[in-house]
Amino acid sequence: MPPRSPVDDQELVERARSGDEEAFALLVTRYSPMLLRLARMYVPTDALAEDVVQETWVAVVRGLERFEGRSSFKTWLFRILVNRAKTRGVREHRSIPFASVGGGADEDGDEGPTVDPARFTSEGAWTSAPADWHDDPEAALDSAEALRIAREAIAELPERQKIVITLRDLEGLSSDEVRNVLDLTETNQRVLLHRARAKVREALEDWIAS
Amino acid sequence: MELVTAYLDDGLDASDRARFEVHIGACEHCSAYLEQMRVTLRVVGHIDPDELEPEVERELLAAFREWKAGGR
């Protein structure tokens with residue numbers, strides 16, 4: 001991906017609102033990859049994800065005049081996407097009950113600690129130490145193989161963890177933005193993120209150890 | 001270890017943060033874990049997004065033009 005354009009969203013949104021097609025195209029180029037990736041988590045196929053992204057942009061075009069900038073453009077855009085993707089996901093019998101999330105515990109059947117308890121003694125000390133990854137060549141973790149391992153680990157996460165880690169660590173949204181896009185509490189957001197990151201870490205650890 | 005994400009997010013209050021840092025500073029295993037989490041985030045951040053099909057992008061621009069021409 002090319003480096004982020006210096007033109008900020010707000011300026012592009014205002015230009016698009018006044019009919020500047022180039023500004024709209026820049027927004028589409030800037031955000032569609034993220035939207036696609038996010039949509040793909042709610043619907044079962046790439047084709048459906050593309051449909052959802054397309055619908056989202058059409059909704060953006062129609063809603064541009066009403067967008068008042070109370071939230072960031074990104075938050076607004078992602079909320080539209082998530083709403084549409086959820087609707088479509090339900091239709092495709094693949095809904096994700098984000099709205100029904102109550103406390104920190106989740107329905108992913110996964111409420112245990114994020115580091116294998118066997119790694120600790122009864123006093124809480126580590127029995128097998130996490131390796132110092134600095135001893136490994138940095139190159140190993142920057143390799144395409146490490147990316148593949150991380151990508152696979154994310155793909156295997158429970159849906160809500162997958163969505164949170166994708167928004168936070170791949171798309172670079174802040175915790176506040178993620179909470180707003182997904183209607184999560186701060187605690188919930190953090191628990192989901194932590195579980196997701198811990199599993200990716202574990203996958204990388206297993207890979208390095210092998 | 002469940003505090004690591006809160007710590008990396010600046011989500012701990014001053015006293016918890018101080019206690020966390022004292023422990024991490026004293027425990028090489030926990031500090032290795034924290035470092036692994038940082039490296040994990042860096043690896044994840046390097047995963048490239050997929051691109052939108054050019055034809056979809058063209059359709060969107062056509063939709064934009066229609067909207068513009070529609071007198072809004």
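A crossing of two helices is left-handed if the near helix is turned anticlockwise from the far one by less than a right angle, and right-handed if clockwise. Helices here are DSSP runs (H or I, at least four residues) numbered from the N terminus. The model is predicted, so local features need pLDDT of at least 70 and side-chain atom pairs count only at pLDDT 80 or more, while totals for chains, interfaces and linings use all residues. Residues are numbered from 1 along each chain as its sequence is written, and chains are lettered from A and ligands numbered from 1 in the order in which they are written.

H2(A) passes helix H4 of chain B in a right-handed crossing. The two helices pack at an angle of about 140°, and their axes lie 10 Å apart; axes are lines fitted to C-alpha atoms over the stretch in contact, and angles run from 0 to 180 degrees between N-to-C directions. On the H2(A) side, A:Glu21, A:Phe24, A:Ala25 and A:Val28 meet B:Glu57, B:Leu60, B:Leu61, B:Phe64 and B:Arg65 of H4(B), where contact requires C-beta atoms, placed from the backbone, within 7 Å. These residues comprise six nonpolar, no polar and three charged. In this classification Ala, Val, Leu, Ile, Met, Phe, Trp, Tyr, Cys and Pro count as nonpolar, Asp, Glu, Lys and Arg as charged, and the others, Gly among them, as polar.

Across the whole interface, 44 residues of chain A are in contact with 37 residues of chain B. H2(A) supplies the largest share of the chain A side, nine residues. That side contains 26 nonpolar, six polar and 12 charged residues.

Among the H2(A) residues in the contact are A:Val28, A:Leu35 and A:Ala39, and H3(A) contributes residues including A:Val53 and A:Trp57.

The largest nonpolar core has 57 residues. Such a core is a set of buried Ala, Val, Leu, Ile, Met, Phe, Trp, Tyr and Cys residues joined through C-beta atoms within 7 Å, and buried means that 20 or more other C-beta atoms lie within 10 Å of a residue's own. H2(A) gives the most to this core, with nine residues. A:Leu35, A:Leu38 and A:Ala39 are among those with the most contacts inside it.

Methods: Two residues are in contact if their C-beta atoms, placed from the backbone, lie within 7 Å. A residue is buried if 20 or more other C-beta atoms lie within 10 Å of its own, exposed if 12 or fewer, and partly exposed in between; C-beta atoms are placed from the backbone.
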